Amino acid sequence: MSNSVLPGDKIAIIEEYEAGSNACDDGHVVRATVIGESEVDKKNRLVNVKNNKPISIPEKDDIVIGTVEAVMGSMIAVMIKYINSRPVKSQVECICATRNIRKKNVALVKDLVKLKIIGHLNGAIHATIQDPELGVLFTKCRKCGMGVKPLRDIIKCVECGWTDDRKLSNDFLKTDFLKVRE
Ligand SMILES: [Zn+2]
């Protein structure tokens with residue numbers, strides 16, 4: 001038997017059960033201290049709250065898709081929207097080194113990019129953009145903000161004709177990810 005509970009929710013009276021993990025008693029009732037599922041442990045007369053999985057964190061070799069939040073000298077920071085094609089709501093960022101990519105503009109802020117996670121280091125999630133399938137999935141003209149189309153290994157604005165470069169994914173413009181951009 002389990003129920004969804006919020007912090008402060010009454011989950012038992014102390015005559016029945018004692019506070020187990022993620023629970024406390026106020027002298028009368030046992031209350032949840034976290035968001036989760038309350039579970040009664042009849043054998044030990046405890047009521048526990050099982051923590052809901054907090055947020056989705058990508059692991060090594062996961063493919064993530066996200067929007068570029070910042071472009072720094074030799075890396076980009078990306079807000080992850082999908083992990084292995086599954087949408088994630090949590091606000092998780094990864095960083096991706098771009099110094100090995102021979103492009104003037106690997107990706108711009110707000111571009112949609114596909115990356116592969118290489119691991120966690122010093123509290124940050126690191127990703128690579130190097131494989132052919134990885135790179136920019138959706139971008140706009142830097143000059144006028146209109147759509148672009150690939151032209152050999154560069155991109156060209158359909159509106160003003162401005163040419164630019166990006167580290168494009170093989171999937172560039174093939175997938176309809178416009179909806180995640182709103
Ligand atoms: Zn343009």
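In this predicted model, strand β12 (residues 112–121) is joined to strand β14 (residues 135–138) by 3 bridges, and the two run antiparallel. Within that pairing, Val-113 has Val-136 of β14 as its bridge partner. β12 also pairs with strand β8 (residues 63–71), again in the antiparallel sense, over 5 bridges. Here Ile-63 stands opposite Lys-116 of β12. A further antiparallel pairing links β12 to strand β13 (residues 124–128) over 5 bridges, and in it Leu-121 is bridged to Ala-124. β12 and β13 form a hairpin with 2 residues between the strands, where Asn-122 takes a positive phi near 50°.

**Pairings by strand**

| Strands | Bridges | Residue pair |
|---|---|---|
| β8 and β12 | 5 bridges | Ile-63 and Lys-116 |
| β12 and β13 | 5 bridges | Leu-121 and Ala-124 |
| β12 and β14 | 3 bridges | Val-113 and Val-136 |
| β15 and β16 | 4 bridges | Val-148 and Cys-157 |
| β16 and β17 | 2 bridges | Ile-155 and Asp-164 |
| β4 and β5 | 3 bridges | Asp-25 and Val-30 |

**Two hairpins that share β16**

Strand β15 covers residues 148–151 and strand β16 covers residues 154–157. They form a hairpin with 2 residues between them, and Arg-152 in that turn has a positive phi of about 50°. The bridge partner of Val-148 in β16 is Cys-157. β16 pairs in turn with strand β17, residues 163–164, in the antiparallel sense. Between β16 and β17 the hairpin has 5 residues, with Gly-161 in the turn at a positive phi of about 80°. Across this pairing, Ile-155 stands opposite Asp-164.

**The cores**

The largest nonpolar core has 24 residues, and those with the most contacts inside it are Val-64, Val-78, Cys-94, Val-113 and Leu-115. At least two residues of this core come from each of β8, β9 (75–83), β11 (93–97), β12, β13 and β14. Apart from this core lies another, of 10 residues, among them Val-5, Ala-23, Val-30 and Ala-32.

Val-64 belongs to strand β8. Is Val-64 buried or exposed? Val-64 has 26 other C-beta atoms within 10 Å, so it counts as buried, the cut-off being 20 or more. Beyond residues up to four places away in sequence, Val-64 touches Pro-58, Ile-80, Tyr-82, Ile-83, Cys-94, Leu-115, Ile-117 and Ala-127. Cys-94, with its neighbours within four places in sequence left aside, is in contact with residues including Val-64, Val-78, Ile-80, Leu-115 and Ile-117. The contacts of Cys-94 also include Ile-125, His-126 and Ala-127.

**The sheet of β2, β5 and β4**

An open sheet of 3 strands has the order β2-β5-β4, with antiparallel pairing. Its edge strands are β2 (10–13) and β4 (23–25), each of which pairs on one side only. Neighbouring strands of this sheet are turned by 25° against each other on average, direction ignored. β4 is joined to strand β5 (residues 29–32) by 3 bridges, and Asp-25 stands opposite Val-30 of β5.

**Domains and overall dimensions**

The protein chain is divided into domain 1 (2–51) and domain 2 (63–181). How far apart are the centres of domain 1 and domain 2? Taken over C-alpha atoms, the centres are separated by 45 Å.

The protein chain has 1 helix and 17 strands. Its radius of gyration is 23 Å, well over the 16 Å that the globule rule gives for 182 residues, so the chain is more spread out than a compact globule. Along the principal axes, the C-alpha atoms fill a box of roughly 75 × 30 × 25 Å. Buried residues make up 30% of the 182 residues. Among contacts between residues at least 6 apart in sequence, 47% join residues at least 24 apart.

Notes:
Residues are numbered from 1 along each chain as its sequence is written. This is a predicted model: local features need pLDDT of at least 70, side-chain atom pairs count only at pLDDT 80 or more; totals for chains, interfaces and linings use all residues. Two strands pair if DSSP finds at least two bridges between them. Domain bounds come from an automatic or database domain assignment. A residue is buried if 20 or more other C-beta atoms lie within 10 Å of its own, exposed if 12 or fewer, and partly exposed in between; C-beta atoms are placed from the backbone. Two residues are in contact if their C-beta atoms, placed from the backbone, lie within 7 Å. The radius of gyration is taken over C-alpha atoms; the globule rule is 2.2 Å times the number of residues to the power 0.38. Axes are lines fitted to C-alpha atoms, for helices over the stretch in contact, and angles run from 0 to 180 degrees between N-to-C directions. A nonpolar core is a set of buried Ala, Val, Leu, Ile, Met, Phe, Trp, Tyr and Cys residues joined through C-beta atoms within 7 Å.
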